[in-house]
Amino acid sequence: MFSMKVGPALAAGCTIILKPAEQTPLSALFYAHLAKKAGIPDGVLNVVPGFGSTAGAAITSHMDIDFVCFTGSTEVGRAVMAAAATSNLKQVSLELGGKSPMLIFDDVDLDKATDLALFGVVYNKGEACVASSRVYVQEGIYDEFVAKLAEKAKALVVSDPFDPKSNQGPQVDKKQYEKILTYIEHGKREGATLLAGGKPVGGKGYYIEPTIFTDVTVIK
């Protein structure tokens, strides 16, 4: 996310103020440290950790900032647009919540397709705005695809991300962990079929098994 936002702006000759998510400020600060070591002048790339209601609000309403790019929830996206409109009518780019679909046709290599589908949803523990959280599979290969995908999901190692054998680390915080478990329970109650995962892992930390549902009729 850092490189996606910062790289094009630097290439266009812009100075940048970047506010990382309050749950994950350290990676952005380290990238800024690397940028300084690489020769980016002071004041060109500025990382401002803080909460959205304070640091974020100051950025979106500042009269000397010409453009705001935000990735996050739809609710906060509306607030960003409102602040931009009531300040200096700064330009806004929003990348908000969604349920990105992946389409699988019957001419695919099943091994590659299941690998990509699984990577698309467990990458970064699923905490990505482009996670392929919905997969639509052509009828002729549906059963085989689903069986192979579930088998691979069950084989993934969920553990400390510093462990070289780990395929998936913990959720970012307790709030996200509990939210995911709530959605899993919603899926069960609403009639979806749980093929893999669905449970916490271990007794410590915010680890959840990679989870696959089929027969889903309600998307949240």
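Q: What makes Glu95 an "active site" here?
A: UniProt positions are given in the numbering used here, with shortened feature names, and annotations may be inferred rather than shown by experiment. For "active site", an unreviewed UniProt entry lists Glu95. The structure is a predicted model, in which local features need pLDDT of at least 70 and side-chain atom pairs count only at pLDDT 80 or more, while totals for chains, interfaces and linings use all residues. Residues are numbered from 1 along each chain as its sequence is written, and side-chain values use heavy atoms, leaving out hydrogens and water.

Q: Why is Glu95 called partly exposed?
A: Buried means under 20% relative accessible area and exposed over 50%, with partly exposed in between (1.4 Å probe, protein chains only). Glu95 has 24% relative accessibility, and therefore counts as partly exposed.

Q: What makes the pairing of Glu95 and Thr71 a polar contact?
A: The term requires a pair of N or O atoms within 3.5 Å; within protein, one must be able to donate a hydrogen and the other to accept it, and residues adjacent in sequence count only if both atoms are side-chain atoms. The side chains of Glu95 and Thr71 make such a contact at 3.2 Å.

Q: Which residues does Ile104 touch beyond four places in sequence?
A: Contact means heavy atoms within 4.5 Å. Ile104 touches Ala113, Val135, Tyr136, Val137, Gln138, Ile141 and Phe145.

Q: What makes a set of residues a nonpolar core?
A: Its members are buried Ala, Val, Leu, Ile, Met, Phe, Trp, Tyr and Cys residues joined through side-chain atoms within 4.5 Å. The largest such core has 14 residues, of which Ile104, Phe145 and Leu149 touch the most other members.
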